[in-house]
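Me: I would like to learn how to read a few structural features. Please take me through them one at a time.

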Amino acid sequence: MKVGLTIAGSDSSGGAGIQADIKAMSFNGVFAESAITALTAQNTTGVTGIMDVSPEFLKDQIDAVFTDIFPDAVKIGMVSDKKLIETIAERLSHYKAKNIVLDPVMVATSGAKLLKDDAIKTLIEKLFPLATLITPNIPEAELISEMEIKNEDDMEKVAKYIFEKYKTNVLLKGGHAINDANDFLYENNKGVWIKGERIDNSNTHGTGCTLSSAIAANLAKGYDLYESIKKAKTYLEGCLRDGLNLGKGSGPMNHAFDLKEEYKN
């Protein structure tokens with residue numbers, strides 16, 4: 001069985017972060033491991049508390065994983081502290097980790113920056129060179145490139161710019177602001193649109209975490225980047241189409257929508 005490692009924060013409501021990553025990896029056929037960067041107190045209406053782990057403890061977690069059950073792919077989610085980012089980069093380089101999918105969580109849905117400038121700079125300088133793929137949304141891509149995105153032509157230009165500047169493959173996620181659910185992949189000096197279906201579901205908590213984790217799982221199983229993304233987008237659409245409705249805010253999806261009936265009852 002192939003193995004995936006998620007390095008991210010914990011979501012106490014179970015819809016995003018480590019919890020979403022583990023579910024997504026598991027339901028995409030790989031064994032999921034984790035190294036937790038932070039504990040959060042949150043639910044579908046917002047975050048009320050964050051407690052970062054120490055760089056030393058994060059190092060211990062990553063060492064424990066790599067020295068025993070070596071992962072075939074790694075997903076990196078939100079890491080808010082410069083020293084934690086440096087720890088991740090140093091340890092992944094040390095172990096020569098492969099198939100690294102980085103979800104550069106930098107900007108909240110509201111548009112607010114989630115990382116301090118020094119953390120963003122460190123994320124770009126230390127983790128981008130290690131990544132097989134980065135998966136920014138439009139606000140994050142604008143922040144990385146310092147360019148404005150208003151349409152699909154802009155998406156293509158920015159993805160190409162990021163690839164050429166940082167030498168990492170880019171999946172620029174579209175979304176309803178630009179298109180329905182079409183993403184643009186710039187890989188190895190060429191770009192391609194990966195079409196998706198817009199699902200009428202306002203409960204989208206954890207979609208970015210889920211997509212990046214499913215991509216990592218598919219890379220771990222040996223699929224190429226394009227096919228890994230296609231399969232991950234199909235899985236995400238299934239999670240949304242199931243129509244789970246929990247919580248008072250933007251709720252979670254059903255990662256287990258395809259679980260066999262015999263295990264549900």
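Predicted model: local features only at pLDDT ≥ 70, side-chain atom pairs only at ≥ 80, totals over all residues.

Me: At what angle do the axes of helix α1 and helix α7 cross?

Reply: Helices (H or I, at least four residues) and strands (E, at least two) are DSSP runs, numbered from the N terminus. Axes are lines fitted to C-alpha atoms, for helices over the stretch in contact, and angles run from 0 to 180 degrees between N-to-C directions. Here the axes of α1 (residues 17–27) and α7 (residues 207–220) come within 8 Å and cross at roughly 40 degrees. Angles under 35 degrees count as roughly parallel, over 145 as roughly antiparallel, 65 to 115 as roughly perpendicular and the rest as oblique. α1 and α7 are therefore oblique to each other.

Me: Which residues of α1 and α7 make the contact?

Reply: Contact means heavy atoms within 4.5 Å. On α1 they are G17, A20, D21, A24 and M25; on α7 they are C209, T210, S213, A214, A216 and A217. By type, the contact has seven nonpolar residues, three polar and one charged. Ala, Val, Leu, Ile, Met, Phe, Trp, Tyr, Cys and Pro count as nonpolar, Asp, Glu, Lys and Arg as charged, and the others, Gly among them, as polar.

Me: How do α7 and α8 cross?

Reply: The axes of α7 and helix α8 (residues 225–241) come within 8 Å and cross at roughly 135 degrees. α7 and α8 are therefore oblique to each other. Their contact divides into 10 nonpolar residues, four polar and two charged.

Me: Which residues of helix α4 are buried?

Reply: Buried means under 20% relative accessible area, exposed over 50%, partly exposed in between (1.4 Å probe, protein chains only). In α4 (residues 117–127), the buried ones are A119, I120, T122, L123, I124 and L127. Their cover includes β4 (73–76), α3 (82–94), β5 (100–102), α5 (138–145) and α6 (152–166).

Me: What does T122 touch?

Reply: T122 has a relative accessible area of 5%, so it is buried. Leaving out residues up to four places away in sequence, T122 touches K82, I85, E86 and L127. A polar contact is a pair of N or O atoms within 3.5 Å; within protein, one must be able to donate a hydrogen and the other to accept it, and residues adjacent in sequence count only if both atoms are side-chain atoms. A polar atom of the T122 side chain lies 2.8 Å from the backbone oxygen of D118.

Me: Where does T44 lie?

Reply: T44 is in the loop between β2 (31–43) and β3 (46–52). T44 is buried, at 16% relative accessible area. Polar atoms of its side chain lie 3.2 Å from the backbone nitrogen of K248 and 2.9 Å from that of G249.

Me: What phi does E146 have?

Reply: Most residues other than glycine have a negative phi. E146 has a positive phi of about 60 degrees although it is not a glycine. E146 sits in the loop between α5 and α6, and is exposed at 75% relative accessibility.

Me: Is N189 buried or exposed?

Reply: N189 is exposed, with a relative accessible area of 57%. N189 is in the loop between β8 (183–187) and β9 (190–194). N189 has a positive phi of about 70 degrees.

Key. Residues numbered from 1 in each chain as written. Heavy atoms only, no water.
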